[in-house]
2 protein chains.
Amino acid sequence: MPPTPRSLSLFAALFPLALAACATAPPPPAPPPPGGALWSVYETQLKTAKYIDLTHAFSPVQPVWPGFATASFRPAVAGATIPGYVAKGKPFTYKDHGFIATSYVLPTDQYGTQLDPPAHWDERGATISDLPPTYALRPLVVISIADKVARDPGYALQVADIDDWEARHGRIPEGSVVMVRSDWSKKWADSTAFNAKPFPGVGLAALKVLHLERKILFHGHEPLDTDSTPTLEGEAWLLHNNFTQAEGVTNLDQVPEAGALISIGFAKPKGGTGGFARYVAIAPADWPHGVSVIEAPGAPLPQQPAPLKRDAQGVLVPTP
Amino acid sequence: MPPTPRSLSLFAALFPLALAACATAPPPPAPPPPGGALWSVYETQLKTAKYIDLTHAFSPVQPVWPGFATASFRPAVAGATIPGYVAKGKPFTYKDHGFIATSYVLPTDQYGTQLDPPAHWDERGATISDLPPTYALRPLVVISIADKVARDPGYALQVADIDDWEARHGRIPEGSVVMVRSDWSKKWADSTAFNAKPFPGVGLAALKVLHLERKILFHGHEPLDTDSTPTLEGEAWLLHNNFTQAEGVTNLDQVPEAGALISIGFAKPKGGTGGFARYVAIAPADWPHGVSVIEAPGAPLPQQPAPLKRDAQGVLVPTP
């Protein structure tokens, strides 16, 4: 590894130790860590980091743009007869087949926490399956307009808000994801309130600065639209200029304004015009919110408090 | 940042420089990098890393377990009439409405590249929306059985294969994801060949070593089932013991056996028994496969070579 700004900074920090050691022989070099540099980064920084999910779980009862319908969740049924095991059309059950699965009717890909590719608005735009794998992990910037939105629900992010953020934290990193915190996601459980206008927006001038000058990967916001202008001018500009955006994100109030990473995942339907996404923030170990791998290792997982049964909407919930 | 194994190793590497500098005054400490340690890791290691997508794009024509049906892709239609704009049931079009969206009928969540939570087989198991956000980024181990599968398509990963891997690379890191490379994914475009039995498996004894002794997060494989035993003994053991697994992954022949990370994303339906997943490997900068952020920044995205039109299956494809 060549010296980098970070390793030079480390060098400076360790320099007094080196001076103290001048009178003695240098210690033998340490063996390289197993797996190399990326595994070392995992062990030293990512394992103790705090993970915060920025994703709403989607369901048949939730806010959606009024021109679309909501989803249906149903038990998966046999698509073909397998003699002695299941007849075509019969639902799979834990008791009779040893497993279940779920069937989804999703009338739109603009549903819940999502990633919008240009093809959503532009017949020459990239689809969700065209996005390169470098949409996986980026620096995360959070610019809060929550205070202004509390006074004016129609407030839209301005260039001045970007300037204020940069005065505190430095220049927005190229290639980063910029999430606009409005706290609008706290209304998610009340679809009427969530869909009410005006809702918090992201101004077109701010989008242009972020993309054309700071060269970010994409921005995200908590409402399901970029703004409430009559032409949706921000979304129109983004998607007609080959940029993507995230919509319907949550939990931005639990993420640092600077210094976190974001893991970006999404279902990959071929030629899709939207992505059912999962965004997770990765914050430094000393951040007060989120869970670390030590606290929530993920294997084995906790059991349900009661057996899973489908509710009236077809959603599996633990049911005593 | 306290000294860590990695920084001590750096210290050892830089020690001769420090000795040479003993006769002069130490330089002033460098300012801390903007955004802190995680952003520095991004700048120095993740930005130049090579990203490899391990995910099949899913579509209505593809391999699926014979008991399930395939998906349908259709144009999204208006779920409600908006006077002067669209009538209920009419498809949205670029020309008349300025945008399109896609509607999916997904008869099963066991479709394409997926993540199986315990609830798929166990009524007391965690669902896909219960998984903690620490399912976001992990060390990636790839154990290849491709040579053995080339001779015997029914070969299943054995404990000896794990031992061989560890003899070359050291102990499998706790909390990592272990992908079993069989090259079976190269048959994906031919559903009959892909679904033929026997297919490559992952043996139960190997799964027990990986989970109970190495304490991995989950394993993944290229076929759509864990093995071809009559009881699917591996999948049964995993999902009844509160573990998850990945199925239907691809491109493992382009990933290093050790030293990469994996970004783990998946759609988050509430109470879901399966996850439409996206897995991306992140390999060191000197790895010959994959693309870096420099090569594929993701913004702005390339345009389509021709306008997008739906094919006979409803999939949007560039069509001259």
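Modeller: A salt bridge is a side-chain nitrogen of Lys or Arg within 4 Å of a carboxyl oxygen of Asp or Glu. This is a predicted model: local features need pLDDT of at least 70, side-chain atom pairs need pLDDT 80 or more, and totals for chains, interfaces and linings use all residues. Residues are numbered from 1 along each chain as written, chains are lettered from A in written order, and side-chain values use heavy atoms, without hydrogens and water.

Biologist: Which residue of chain A forms a salt bridge with B:Lys268?

Modeller: Chain B and chain A share two salt bridges. In the one formed by B:Lys268, the closest N and O atoms are 2.9 Å apart. The partner is A:Asp53.

Biologist: How much area do chain B and chain A bury between them?

Modeller: Buried area is the accessible area (1.4 Å probe) that two parts lose on being put together, summed over both. Carbon and sulfur atoms carry 67% of it here. In chain B, B:Leu38, B:Trp39 and B:Arg278 lose the most to chain A, together 7% of what that side buries. The total is about 11,600 Å².

Biologist: How many residues does chain A bring to the contact with chain B?

Modeller: Contact means heavy atoms within 4.5 Å. Chain B brings 141 residues. The figure for chain A is 141 residues.

Biologist: What share of the residues of chain A counts as buried?

Modeller: Buried means under 20% relative accessible area (1.4 Å probe, protein chains only). Chain A has 320 residues. Of these, the buried share is 58%.

Definitions and conventions:
Buried means under 20% relative accessible area, exposed over 50%, partly exposed in between (1.4 Å probe, protein chains only).
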